[in-house]
Amino acid sequence: MRASSAWTRLDATVKARSLYDSDDTSWLAKPDSEVESQWVERKRWTDPRELARQVSAFANGEGGLIVIGVGPDGSIAGLSSRRDATNQLLANLDNMLSDCPYEHRFVDAGSEELLYIYVGCQPDRVVRLANGKAFRRVGSSTRELGAEEIEELRFARGERAFEDRPALPLSDDVLDDALVDSFLRALRERNGLKLDQSRDDALRNRKLLARRDGVEYLTFGGVLALGRDPTTVLPGARLRFLRFDGAEERFGSERNVVKDQWFEGPIPRIVEKFREFFRTQVREFDRLGKDGTFRRDQEYPEAAWEEAVVNALIHRSYSIKNASVFVRMFDDRLEVESPGGLPPPFSSPATIDELYSNPRNANLCHALQYLDLVRLAQEGTRRMQHEMRAMGLPDPSIEEVAGGMRVRVTLANDIERRRANVDAQDAQRQWSAIATALQDDLAIYRRKALQDWQSLRDRGLKVPRAVIASALARLQTFQPAPDFNELSWVLQLLAAKDLEPIARDLVAWALDNPKGPQAELLVDALTPLDSVANEVLVDLEQGEIGPEGQGSHAGQDLAFRLLRARLKRLPLPDRSWVTRASAVALQYSCRQADALYEDIHGAPPRRD
């Protein structure tokens, strides 16, 4: 869970205690679905065995409140008629439980009374029934713990230290010689030892050896740190990597595992092999830095995923001998899941910094310090958070799963945002290539640039000013004989307002070269611009657009065609502009001038 979840749990536990101390019973009027929770259970009536189950469950969980005398719908049944039975219930409860302090009181609820029982969390022991069974509260349910789970809870709550138990008789063939040499060398250097220390003395001083019946044994912690093959005594002392196609795990005929790899050996070897392997699995993303240059980031910061894996291997519960560490890689996240709940006193960490301040396997941690895998200063967990934030990724998420028997650390790669970012960066590079290609001497490259432009525009991407400027520069080189197809492409991709900077040059070229299809394309493209229509009208008024000779009036026709198109685009044209256009149409004897006059007056002009 994220850091804030710890406060939610803490508040709920405090609230359960507050409800016990309060005489207010109004909150009980709601149905079970709104009352029962991780910290509250209620019964109309119960028997001693069931009550013992509930007390054990709360004591082995996070504590909570049991209310007796209320039905599942919130109706008050009361215990007034059951006072003797209630007293006997409490007496039998004590006989059915191992040592478990709890508090009880009777609370008035109108004409009836209820029994409140408050059970505190027992952080230093497992509370079991007389028959050895133990229970734990999980959500609003109570579940029985298996023998292995009871053993794990005992280790977690400090009743026993699994890592210190004898595992294998000490001999040269059970140790990884290279790791032992590195361990002894670091031990001498860091502690400033002047005299050589024997291997066995060094291991014994670090609590990696234990004597039983006069025989030296490598402890489970020693096997995990320095043993050749920990799986001989701990079958689950392995790491399994699974990569999935998609964002969820599917099974059966839809099974979507695309990579399945096991890693075995002492913890330092597992970390070493996994580090090398996982570097081949992470993707890379480009992003634009603050300095305007591109930088390449990994899908996840190496310090974050490596720390998550190291923590899972070191801080997991090895008393659950057959369970392994799992690393699951999905399209949108990386999950590192390890056996055992969070080490006490944390049911959820208040902050990521506190997560491993109370290590489950302290001697194993100390041994691995000499092999540079851990710092025991919360530096690693803080670095996880720092590195994720530095890459713009969400904080690591930490939660207990499987009823509190496993811990899952999740690193999210924020894939959708990064994909969008990558798309934007790719588009930026494509736009830059388009701007350059538009100026290429070879038409084949210019046309490919225009096709790419069309593709980006179809994706709804905004055209950068640099590309527009390059296109305008290309338009200016069309004179006097532009390629029709290329001109058509450019005008199709540019908005009329983009043409404004060179509009006068373009219309002048069109009027000087009015007979080709290029001129008509330019006029159609320039029609939406008020400035073009106004300038053409002024030129006509001043007689600057004349016949081309030999009776041709193509330039004048083209000019009046532009004015007609502009007139049709205006829902209610300015009267003074219309009057001027009408007057100038009478001055010219060409087909389009007559058509403009008729558009305005509804009848052709009458010339004397």
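Tutor: A residue counts as buried when its relative accessible area is under 20%, and as exposed when that area is over 50%. Keep in mind that this is a predicted model.

Student: Is Gln38 buried or exposed?
Tutor: Gln38 is found in the loop between helix H2 (32–35) and strand E1 (40–43). The cut-off for buried is under 20% relative accessible area. Gln38 has 15% relative accessibility, so this residue counts as buried.

Student: Is Arg406 buried or exposed?
Tutor: Arg406 lies in strand E17, which covers residues 406–412. The relative accessible area of Arg406 is 15%, and under 20% is the condition for the term. Arg406 is therefore buried.

Student: Which side chain is joined to that of Arg406 by a polar contact of 2.8 Å?
Tutor: Leaving aside residues up to four places away in sequence, Arg406 touches a list of residues, among them Ser324, Glu337, Gly340 and Glu400. For Ser324, the backbone oxygen lies 3.0 Å from a polar atom of the Arg406 side chain. The polar contact of 2.8 Å between side chains joins Arg406 to Glu337.

Student: How are helices H21 and H22 placed relative to each other: parallel, antiparallel, perpendicular or oblique?
Tutor: The axes of H21 (residues 575–587) and H22 (residues 591–601) come within 8 Å and cross at roughly 140°. Angles over 145 degrees count as roughly antiparallel, and 65 to 115 as roughly perpendicular. The pair is therefore oblique.

Student: What is the handedness of the crossing, and which residues of H22 make the contact?
Tutor: The crossing of H21 and H22 is left-handed. On the H21 side the contact is made by Val578, Ala581, Ser582, Ala585 and Leu586. On the H22 side the residues are Ala593, Leu596, Tyr597, Ile600 and His601.

Student: What is the phi of Lys207?
Tutor: Most residues other than glycine have a negative phi. Lys207 is in the loop between helix H7 (199–205) and strand E8 (209–212), and counts as exposed, with a relative accessible area of 52%. Its phi is positive although the residue is other than glycine, with a value near 60°.

Student: What relative accessible area does Asp213 have?
Tutor: Asp213 lies in the loop between E8 and strand E9 (215–219). Asp213 is not a glycine, yet has a positive phi of about 55°. Asp213 is exposed, with a relative accessible area of 75%.

Student: What percentage of the residues in the protein is buried?
Tutor: The secondary structure comes to 22 helices and 17 strands. The accessible surface is about 28900 Å², and 47% of this surface belongs to carbon and sulfur atoms. Of the 608 residues in the protein, the buried ones make up 50%.

Student: Among contacts with a separation of 6 or more, what percentage comes from residues 24 or more positions apart?
Tutor: Contact here means heavy atoms within 4.5 Å. Among the contacts with a separation of 6 or more, residues 24 or more positions apart account for 68%.

How values were computed: Residues numbered from 1 in each chain as written. Predicted model: local features only at pLDDT ≥ 70, side-chain atom pairs only at ≥ 80, totals over all residues. Heavy atoms only, no water. Helix = DSSP H or I, 4+ residues; strand = E, 2+ residues; numbered from the N terminus. Buried < 20%, exposed > 50% of the residue type's maximum accessible area, 1.4 Å probe, protein only. Areas by Shrake-Rupley, 256 points an atom, 1.4 Å probe, with all protein chains shown as cover. Axes fitted to C-alpha atoms, helices over the stretch in contact; angles between N-to-C directions. Parallel < 35°, antiparallel > 145°, perpendicular 65-115°, else oblique. Left-handed = near helix turned anticlockwise from the far one by under 90°. Polar contact = N/O pair within 3.5 Å; in protein donor to acceptor, adjacent residues only side chain to side chain.
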